[in-house]
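Please look at the sequence and the structure before reading on.

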Amino acid sequence: MKNIRHNWTIAEILEVYNTPLLELIYKAQEIHREFNVASEVQVSSLLSIKTGGCAEDCSYCPQAARYNTGIEVHKLMTVSKVLEAADIAKAGGASRLCMGAAWREVRDNRDFDRVLEMVKGVNEKGMEVCCTLGMLSESQAQKLSDAGLYAYNHNLDTSEDSYKKIITTRTYDDRLDTIKNVRKAKVTVCSGGIIGLGETVEDRVSMLKTLSSMEIHPESVPINALVPVAGTPLENQPLVPIWDMVRMIATTRIVIPQTVVRLSAGRTQMSLEGQALCFLAGANSIFAGDKLLTTPNPDFNSDMEMFKLFGLNPRKAFKKNVKYVD
Ligand code: SAM
Ligand code: DTB
Ligand code: SF4
């Protein structure tokens with residue numbers, strides 16, 4: 001059994017993060033090849049099933065009702081529209097559909113019943129289904145699991161300290177509780193964060209400490225670069241330098257070696273060369289499709305061309321890691 005550590009200290013992670021850049025990329029790639037098939041990239045497509053009007057005050061988010069961001073607010077989509085969108089995502093090369101709702105938390109009502117129908121329907125198409133719906137209770141997580149949910153996305157976003165500066169309407173512990181409920185229901189966990197919120201390197205490292213200390217590591221860790229959206233409190237944040245993204249991805253790969261590290265929001269701000277460095281640093285997943293939830297993303301065709309150029313292949317749905325057996 002390979003050595004997967006759950007006891008990384010802040011000092012150790014900081015040392016990894018601050019390794020000279022090319023050395024860091026080399027080490028991350030070495031670990032990546034030890035634990036994963038380096039040519040395989042997991043491709044997820046995002047679908048905003050309920051857009052805008054959210055009660056939370058996440059400072060980065062265009063969907064919070066309290067900021068004027070000009071997005072088109074939309075109530076919960078119908079099941080048939082979602083299934084149509086799943087077909088398009090599958091045809092575009094995605095093996096996973098991630099359905100996002102701008103909810104603070106799930107409520108036990110007809111909307112939730114409809115989401116359960118969506119999960120069943122997409123699962124029946126042979127795609128991995130992921131949801132990101134805000135906070136979940138144990139019984140709600142179980143219902144999603146019974147409907148065939150494969151993964152639940154719930155990001156820690158940043159360190160516990162900097163979280164309070166970014167969101168005031170819920171706590172870090174609320175986030176951790178939902179992740180525990182997802183685990184109990186035997187759904188895989190997708191949890192990562194955003195860089196470029198104005199956080200320090202220590203904040204980034206502290207978030208990785210929390211993730212790497214979990215008893216079971218998240219099966220996927222999305223690393224988002226902030227997409228600054230006009231009307232949000234973070235609209236004037238400078239764009240994340242590509243070198244920070246590369247360092248964050250490499251450090252995630254080294255401390256959580258077997259997870260799927262997703263090069264997430266912010267790719268329209270990155271060059272192909274920059275993205276190549278992210279893959280070298282151990283990223284092995286992307287969000288594909290011309291829209292994230294409300295902001296633009298490269299389209300399927302240009303990403304498939306990028307894969308061809310780099311010699312990468314989309315990973316098949318439900319494929320387990322062949323390099324590692326417990
Ligand atoms: N409402 C649910 C929640 O907060 O968990 C699910 C949807 S929420 C939009 C999912 C994640 O998107 C957030 O946790 C955050 O990491 C990311 N996100 C939102 N706005 C972003 C932005 N402007 N730039 C980068 N990432 C963003
Ligand atoms: C994640 O970590 N990033 C995705 C997904 N999980 C839900 C969302 C990115 C959203 C970017 C801003 C937008 O398009 O609204
Ligand atoms: Fe709502 Fe999620 Fe946006 Fe926060 S990140 S405002 S919870 S949609």
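## Ligands and the space around them

A backbone N or O atom of Tyr60 lies 3.1 Å from a nitrogen atom of ligand 1. This is a polar contact, that is, a pair of N or O atoms within 3.5 Å; within protein, one must be able to donate a hydrogen and the other to accept it, and residues adjacent in sequence count only if both atoms are side-chain atoms. The model is predicted, so local features need pLDDT of at least 70 and side-chain atom pairs count only at pLDDT 80 or more, while totals for chains, interfaces and linings use all residues. Residues are numbered from 1 along each chain as its sequence is written, chains are lettered from A and ligands numbered from 1 in the order in which they are written, and side-chain values use heavy atoms, with hydrogens and water left out.

| Residue | Atom of the residue | Atom of the ligand | Distance |
|---|---|---|---|
| Asn155 | polar side-chain atom | oxygen, ligand 1 | 2.9 Å |
| Val227 | polar backbone atom | nitrogen, ligand 1 | 3.0 Å |
| Asn155 | side-chain N or O | oxygen, ligand 2 | 2.9 Å |
| Leu293 | backbone N or O | oxygen, ligand 2 | 3.0 Å |
| Thr294 | polar side-chain atom | oxygen, ligand 2 | 2.6 Å |

Ligand 2 has 400 Å² of accessible area on its own, and the protein covers 88% of this. For ligand 1 the area exposed when taken alone is 560 Å², of which the protein buries 91%. Such areas come from the Shrake-Rupley method with a 1.4 Å probe; for residues, only the protein chains shown count as cover.

A residue is near a ligand if one of its heavy atoms lies within 4 Å of it. There are 17 residues around ligand 1, and Thr132, Asn155, Asp157, Arg175 and Val227 come nearest. The shell of ligand 1 has 10 nonpolar, five polar and two charged residues. In this scheme Ala, Val, Leu, Ile, Met, Phe, Trp, Tyr, Cys and Pro count as nonpolar, Asp, Glu, Lys and Arg as charged, and the others, Gly among them, as polar. Around ligand 2 the residues include Leu46, Pro62, Thr132 and Asn155; by class, this shell has six nonpolar, six polar and no charged residues.

Which space do the ligands take? Ligand 1, ligand 2 and ligand 3 each sit in the largest cavity. On a 1 Å grid over the protein atoms alone, a cavity is a set of points where a 1.4 Å probe fits but cannot get out, and a pocket is an open set with protein on both sides within 12 Å along at least five of seven lines; lining residues have an atom within 4 Å of a point. A molecule sits in one if more than half of its atoms lie within 2 Å of its grid points.

The largest cavity holds about 800 Å³ of space. Of the 37 residues that line this cavity, Tyr60, Cys61, Gln63, Asn155 and Leu293 are the closest to its centre. Its volume is the space filled by probe spheres set on the points, and grid points are joined across faces, edges and corners.
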